[in-house]
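Colleague: Before I use these labels, I'd like to hear what stands behind them. Could you show me the chain and take my questions?

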Amino acid sequence: MRIESKDFRISGKGDFSLRKRPTLIAPVYKSKEHYKTLLQEHTERLSALQQLLYASDRHAVLLIFQAMDAAGKDGAIKHVMSGVNPQGCQVFSYKHPSPTELQHDFLWRTTRDLPERGKIGIFNRSYYEEVLVVRVHPEILRGEGLPDQLHDEKAVWRDRYRSIVDLERHLRANGTRIVKFYLHLSKKEQRKRFLERIDQPEKNWKFSLADIKEREFWKDYMKAYEDCIEATSTDDAPWYVVPADDKKNARLIVSQILVDTLEGLKMTYPEASSERRQELESIRKRLER
């Protein structure tokens, strides 16, 4: 089975329903060894493309990962990016805003961490938390110090979607290619993974009572994700909804989408000028003495 990136891409044309998107599909791998082979092929290709991205110095790439707890964001980042040069890739994770961050607009803290040209930046959660967890828990919004007239909760999400789309359009126009992944996990599979975190001592640190409390808001989160993805998936910065009940499958889908995105940039290595070629030839002669 070939992975077609377009099958997971959301058009943003008003026809998106998260309920109609599967959390599990037929595996693209035949066995554990086949999975390892496919992933290695993807990571080797990503390594070559990352080198080309750095050498061409025309684009930056921003990857955004969003999901419910235990969907496999950390594992996807770890395995998919295992072959890239750490010097050209940086991962940022965002928790609750600090007092300093709350003194600024909701996009401020993440824009400081945007990748420069030639680099790959990864946001493990992102500014999208401000239209997801903040929407599910509006008391957070009321604690962000906004002027009273901006507390209309019916309008604030629309306005924030518009701010996000405008930011992403600006970034695309200035050379940053944005790819957004929502790892689509079922509530049943999340329960299974939570139990594993309890039963396996080496995974106990990953689990807290807060995870169970957030699970109680599952329907609210699904509604928030559905509205957010529909409102902010654009040609400039598309969302990809990746079935995540099978971690291995999800990693292969993510890595293929990333390969396709980088190949779509049509990058080439810089061509040496005649002066540069003469300089290199001069260096060659000195080395051959």
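Modeller: Here it is, and we can go through the labels one at a time.

Colleague: What should I keep in mind about the model and the numbering?

Modeller: This is a predicted model, so local features need pLDDT of at least 70 and side-chain atom pairs count only at pLDDT 80 or more, while totals for chains, interfaces and linings use all residues. Residues are numbered from 1 along each chain as its sequence is written, and side-chain values use heavy atoms, with hydrogens and water left out.

Colleague: How many helices and strands does the chain have?

Modeller: There are 11 helices and five strands. Helices (H or I, at least four residues) and strands (E, at least two) are DSSP runs, numbered from the N terminus. The C-alpha trace spans about 75 × 50 × 40 Å along its principal axes.

Colleague: Why is Ser5 called buried?

Modeller: Buried means under 20% relative accessible area, exposed over 50%, and partly exposed in between (1.4 Å probe, protein chains only). Ser5 has 11% relative accessibility, so the label is buried. Ser5 lies in the segment before helix H1 (32-56). Across the chain, 47% of the 289 residues count as buried.

Colleague: What makes the Ser5 and Asp260 pair a polar contact?

Modeller: A polar contact needs a pair of N or O atoms within 3.5 Å; within protein, one must be able to donate a hydrogen and the other to accept it, and residues adjacent in sequence count only if both atoms are side-chain atoms. The side chains of Ser5 and Asp260 make such a contact at 2.5 Å. Contact in general means heavy atoms within 4.5 Å. Beyond its neighbours within four places in sequence, Ser5 is in contact with Tyr240, Gln256, Ile257 and Asp260.

Colleague: Which backbone atoms does the side chain of Ser233 reach?

Modeller: The backbone oxygen of Ile10 at 2.6 Å, and the backbone nitrogen of Trp239 at 3.0 Å. Ser233 is in the loop between H9 and strand S5 (239-243). With a relative accessible area of 4%, Ser233 is buried.

Colleague: How do you know that the span of H6 agrees with its number of residues?

Modeller: The expected span is 1.5 Å times one less than the number of residues. Helix H6 (residues 153-173) has 21 residues and should span 30 Å; its end C-alpha atoms are 31 Å apart, so the two agree. Its buried residues, among them Trp157, Arg160 and Tyr161, pack against elements including strand S1 (60-67), strand S4 (176-184) and helix H9 (218-232). Just after H6, Gly175 takes a positive phi of about 100°.

Colleague: And why is H10 said to be largely enclosed?

Modeller: Because 13 of the 17 residues of H10 are buried, the rest of the structure largely encloses this helix. Helix H10 (residues 247-263) reaches 24 Å from its first C-alpha to its last, close to the 24 Å expected.

Colleague: What makes Glu101 and Arg112 a salt bridge?

Modeller: A salt bridge is a side-chain nitrogen of Lys or Arg within 4 Å of a carboxyl oxygen of Asp or Glu. For Glu101 and Arg112 the closest N and O atoms are 3.1 Å apart, and the pair forms a salt bridge. Glu101 lies in the loop between strand S2 (89-93) and H3, and Arg112 in the loop between H3 and strand S3 (120-124), so the pair ties together parts 11 residues apart in sequence. Glu101 counts as buried at 18%, whereas Arg112 counts as partly exposed at 46%. The rule gives 23 salt bridges.

Colleague: Which parts does the Arg160 and Glu130 pair link?

Modeller: Arg160 and Glu130 meet in a salt bridge at 2.8 Å, N to O. Arg160 is in helix H6 and Glu130 in the loop between S3 and H4, so to speak distant parts of the chain, 30 residues apart. Both Arg160 and Glu130 are buried.
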